[in-house]
Amino acid sequence: MTSRVSFKNRLPTVTEAVEQLDAGTCTSESLVEQVLGEIRERDGALNAYRTVDEPSALDQARAADSARREGRQGRLLGVPVAIKDVLNVQGQTCTCGSKILESYVAPYDATAVAKLREEGAVFVGRTNMDEFAMGSSSENSAYGVVRNPHQHDCVPGGSSGGSAAAVAAGEALCGLGTDTGGSVRQPAAFCGCVGLKPSYGRISRYGLTAFASSLDQVGTLTRDVRDAALLLGIMSGADPMDSTSLDEPVPDYTDGLTEDLSGFRIGVPQEYFTSGIDAEVERAVRAAIEYCAKMGADIQEISLPHTEYSVAVYCVIATAEASANLARFDGVRYGIRNEEASDPVEMYRRTRAQGFGAEVKRRIILGTYVLSSGYHDAYYLSAQKVRTLIRRDFETAFEECDALLTPCTPTAAYRFGEKIDDPLQMYLGDLFTVTANLAGICGITVPCGFTAGGLPIGLQVLGPAFKEENILRVAHAYEQSAALGKD
Amino acid sequence: MESSLVNDQNAQPGEDIDVAYVARLARLQLSDEEVATFQSQLGDIVEYVRKISELDLSGIEPTSHAHPVHNVLRKDGARDGLAHDDVMANAPSSRDGQFIVPKIVE
């Protein structure tokens, strides 16, 4: 057996921390000191944080404590949070895991961040990630790889691998991530925590450095489902700064988290249990589905017939949008610049060569290709049409189901280097998560067991767009009854 | 072809992805090794992506956004933008509040 790591998560959940702060049994300063201590002890090995600003975190914590004494309210007053290095926090660097933005300082807060700040959150540090959120293993960061807390020779998943590893290892109470094709759910599954990707348009993307604008969504990494529900309620809602954020009502998502699933209609898509799925993963997920049946859920087999095309569609759409979005990184307005070039175009080409890593270059080239003259209709337009078919598959399924249960990933975490030289194999690992982004629906993953080698396995719950309450209910009921996933 | 430069400029994309040509379109300088590696990796990916051509897509509308919204308007009022100095602080090269770039015209 390899380097299996035994550790105990000593931090409270967000909900527990709020209770303790409200009751006066702890202070924000003591909580932040505890988090910083855990980071000092563990992060040398994990590299989950790209940067931690201890003095600023302690200043924010003391300010929260004194605001509390003065009677200020706030659903997260004094609670430390970790932010993926792709979301702007005013005054902090935001590198997106890239060398090209190594010195970029965010001039404003992302809306999701601003909403956490309004509730009193303390911004402790920025978590490591695959460059520009492109990757499934956190091996593509310009700031070093992130390690899986359960087994240090395995990847933590990606691209939000830093936030997932930090939460799982007890270096953070909660973290924000972003999910374009599974980048919150897959690392949550690999690290053994809860990963929520809300519906497209649920949380504003303003201040999130765009990768694929029609797929990107801010999500959460937490110890349990209740914390995910709490954070979702805080960050959701329409934002004038993001015209794709929808003006749908924001319920209190922590309401209705019961342990009863009676009469709840749950579909099991057969296409998510076919070739390539690891036997241990399948066994754990099937057992979890059985568990939900025992809690009263009405389980039925369903079909999402276009699932097998989803990775191909994702490869085209995500890279096409990325190639357009990343055109802005040219050495003119921010980031590094190659100073040797004598004309602007040469400056762009060299700056981008110098600043981007291999995966980002690969995706820019693929995206440029599928949009280029003569290929646009064959690739990009066709992919958008297949996206319609994938969306319809889900619409049909949700006529009869309140939620779907699937494995989150075909396998548990793999070793470093195993897939990094074979990008197609890496992309195929996202088969079960990209569909939710293409269809714009919501998804959450909760831990549902371990492999014999000690690596976590994730159960994915998918729900209709803007029905986050459905998936939170199933995930919470399962999590509480199965009593897995903590420590 | 007389020179590689002429070759590059006249290159037409063939059936398969021509990485050197597309990199030019993307304003990305690649080393010879990168071109060779990407040529093989992206060749595999493009081959895989062609799987979508198996489907009959006649009469299917494309989806550009999961929840199509159109003409999102706001009140036509003045608002503060970001502080000019904060924005310019990230510039690799600037003077008098403006970005400096290499000379464009002689």
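## Buried or exposed

Let's start with a term: a residue is called buried if 20 or more other C-beta atoms lie within 10 Å of its own, exposed if 12 or fewer do, and partly exposed in between, with C-beta atoms placed from the backbone. A:Ala133 counts as buried because it has 30 C-beta neighbours inside 10 Å.

This is a predicted model, where local features need pLDDT of at least 70 and side-chain atom pairs count only at pLDDT 80 or more, while totals for chains, interfaces and linings use all residues. Residues are numbered from 1 along each chain as its sequence is written, and chains are lettered from A and ligands numbered from 1 in the order in which they are written.

## A loop in chain A

A:Ala133 sits in the loop between E3 and H5 of chain A. (Helices, H or I with at least four residues, and strands, E with at least two, are DSSP runs numbered from the N terminus.) Phi of A:Ala133 is near 65°, a positive value in a residue other than glycine.

A:Ser159 is also in the loop between strand E3 (122–127) and helix H5 (161–169). For background, most residues other than glycine have a negative phi, and most peptide bonds are trans.

## Over in chain B

Chain B has 4 helices and 2 strands, and along the sequence they run α-α-α-α-β-β. Of its 106 residues, 16% are buried.

Look for B:Asp96 in the loop between strand E1 (94–95) and strand E2 (98–99). B:Asp96 isn't a glycine, yet its phi is positive, at about 50°. With 6 C-beta neighbours inside 10 Å, B:Asp96 counts as exposed.
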